[in-house]
Amino acid sequence: DIANGAVRISANGYRLPTEAEWEYAARGGQQTQGYMYSGSNDMNAVAWFSTNSGSNTHMVRSLLPNELGLFNMSGNVWEWCWDWHGGYSTTTQTDPQGPASGTSRIIRGASFIDNDPLFWRVPFRGYYTMTIRGYNVGFRCVRAVSPPTISTVFPVSGVVGTIVTITGANFGTTQGTNNVRFGTAMATPISWNDSAIVVPVP
């Protein structure tokens, strides 16, 4: 909502992520493995930075994705977030949206020309005034989606290796978002689309 200077989280259009949304995605969401960088503990595997970039940005998907199938959330270019820069709240919050006002916006992820390894770590925060433009700053759009719903699971039980078909809606189309948990074990689907997942029992 540009007129009111606020993010309308429930709106169906594209927008900048809040800082909390950006970090959740960079960490790999519910599939997180707790990596130091987005998708790995090895910077060279997931991030373009001063040592490996050749002083250039690089095409998305040219390095490994994170647990959600997202690329370049560490390195390549800094990414704008909607939040004004400010201190974190001292109380526990769910989906915080940052301070109500400020003079600078949060940027995350670091870029291909940076040389401090601290910058590419998922929790690192940067900020710029909104008048800043540069070849090492970009953005990633997000939009609200409906949560996944399950209609059927067949068969409902089985031994290890049994092929299970799950039907429903809003499953997404990226493999990393469709890993299926059986108790404490995770299974990678054989095939998937927005309305069906086929997965072996681990």
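## Strand β10 and its partners

In this predicted model, strand β9, which spans residues 191-192, is joined to β10 by 2 bridges, and the two strands run antiparallel. Within this pairing, S191 stands opposite V198 of β10. Strands β9 and β10 also form a hairpin, with 3 residues lying between them.

Strand β10 pairs as well with β6, which covers residues 163-169, and this antiparallel pairing extends over 5 bridges. Here T167 of β6 is the residue that stands opposite A196 in β10.

## The two faces of β10

Strand β10 itself covers residues 196-200, and its residues divide between two faces: I197 and V199 belong to the covered face, whereas A196, V198 and P200 belong to the uncovered one. In a regular strand, side chains alternate between the two faces of the sheet.

An open sheet of 4 strands is arranged in the order β3-β2-β1-β4, and its pairing is mixed. The edge strands are β3, at residues 126-129, and β4, at residues 137-138, each of which pairs on one side only.

One of the residue pairs in question is that of R105 with Y128, the latter being its bridge partner in β3.

Technical notes
Residues are numbered from 1 along each chain as its sequence is written. This is a predicted model: local features need pLDDT of at least 70, side-chain atom pairs count only at pLDDT 80 or more; totals for chains, interfaces and linings use all residues. Side-chain values use heavy atoms; hydrogens and water are left out. Buried means under 20% relative accessible area, exposed over 50%, partly exposed in between (1.4 Å probe, protein chains only). Two strands pair if DSSP finds at least two bridges between them.
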